[in-house]
Amino acid sequence: MVVDETDAIARLQAGEVVALPTDTVYGVSAIVDATAALFALKERPRDVALPVLIADPAEAAHYMTFDFTYAEHWPGALTIVGARTEASRQWDLGGTRETIGLRCPDDDQIRRICRAVGPLVTTS
């Protein structure tokens, strides 16, 4: 299912939570500054960290340190967990502030939305 990108982008920029298709499942998503709304909506325990979707594999180095050989599987259905960089350490993703799970989905629409609004936190 294709969503109205303009509407999704506007809602995300306003801090709303939206349902978006990814390459594996529909995700309930928000911008990284709106994680509280996502935790509340899903009644998700705060000790369970949220994964982050990015638009391009090259962005990964900005948000975490990892072995780039794994990036050859991106875009795709692989979430890579690594140590956070200063750029992502302040994000309230739940769990620990030391690690982050990043994914570059194999879905053109979700990557376009990420390019427009920045990284997205998501959960199924």
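The following dialogue examines how the terms applied to this predicted model rest on computed values.

Trainee: On what basis are the values in this model computed?

Mentor: The model is predicted, with local features needing pLDDT of at least 70 and side-chain atom pairs counting only at pLDDT 80 or more, while totals for chains, interfaces and linings use all residues. Residues are numbered from 1 along each chain as its sequence is written, and side-chain values use heavy atoms, with hydrogens and water left out.

Trainee: What makes β1 and β4 edge strands?

Mentor: The open sheet has seven strands in the order β1-β2-β7-β3-β6-β5-β4, with mixed pairing. Strands β1 (18–21) and β4 (64–65) each pair on one side only, and they are the edge strands. Strands here are DSSP runs of E with at least two residues, helices are runs of H or I with at least four, and both are numbered from the N terminus.

Trainee: How do you know that β3 and β7 pair?

Mentor: Two strands pair if DSSP finds at least two bridges between them. Strand β3 (residues 52–53) and strand β7 (residues 120–123) have two bridges, in the antiparallel sense. Valine 52 stands opposite valine 121 in β7, and the partner of leucine 53 in β7 is leucine 120.

Trainee: Which bridges join β5 to its partners β4 and β6?

Mentor: Two bridges link β4 and β5 in the antiparallel sense, with methionine 64 facing arginine 84 of β5. Five bridges join β5 to β6, again antiparallel, and threonine 79 stands opposite arginine 103 in β6.

Trainee: Why are the buried residues of α2 said to line one face of the helix?

Mentor: The residues concerned are Thr35, Leu38 and Phe39, where buried means under 20% relative accessible area, exposed over 50% and partly exposed in between, with a 1.4 Å probe and protein chains only. Seen down the axis of α2, these residues fall within an arc of 100 degrees, so they line one face; the arc is that of the directions from the helix axis to the C-beta atoms. The face turned away from the buried side of α2 carries the exposed residues Ala36, Ala40 and Leu41.

Trainee: What covers the buried residues of α2?

Mentor: The cover includes β2 and β7, where contact means heavy atoms within 4.5 Å. Just after α2, glutamate 43 takes a positive phi of about 50 degrees.

Trainee: Which residues make the contact between α1 and α5?

Mentor: On α1 they are Glu5, Ala8, Ile9, Leu12 and Gln13, and on α5 they are Gln109, Arg112, Ile113, Ala116 and Val117.

Trainee: Why does glycine 76 count as buried?

Mentor: The relative accessibility of glycine 76 is 8%, so this residue counts as buried. Glycine 76 is in the loop between β4 and β5 (79–84). Not counting residues up to four places away in sequence, glycine 76 touches Asp23, Arg103, Cys104, Pro105 and Asp106.

Trainee: How do you know that arginine 103 and cysteine 104 are buried?

Mentor: Arginine 103, in strand β6 (residues 99–103), counts as buried because its relative accessibility is 12%. Cysteine 104, in the loop between β6 and α5, has 0% and so counts as buried. Leaving aside neighbours within four places in sequence, the contacts of arginine 103 include Asp23, Val52, Trp74 and Thr79. With residues up to four places away likewise not counted, cysteine 104 touches, among others, Ile54, Pro57, Trp74 and Arg111.
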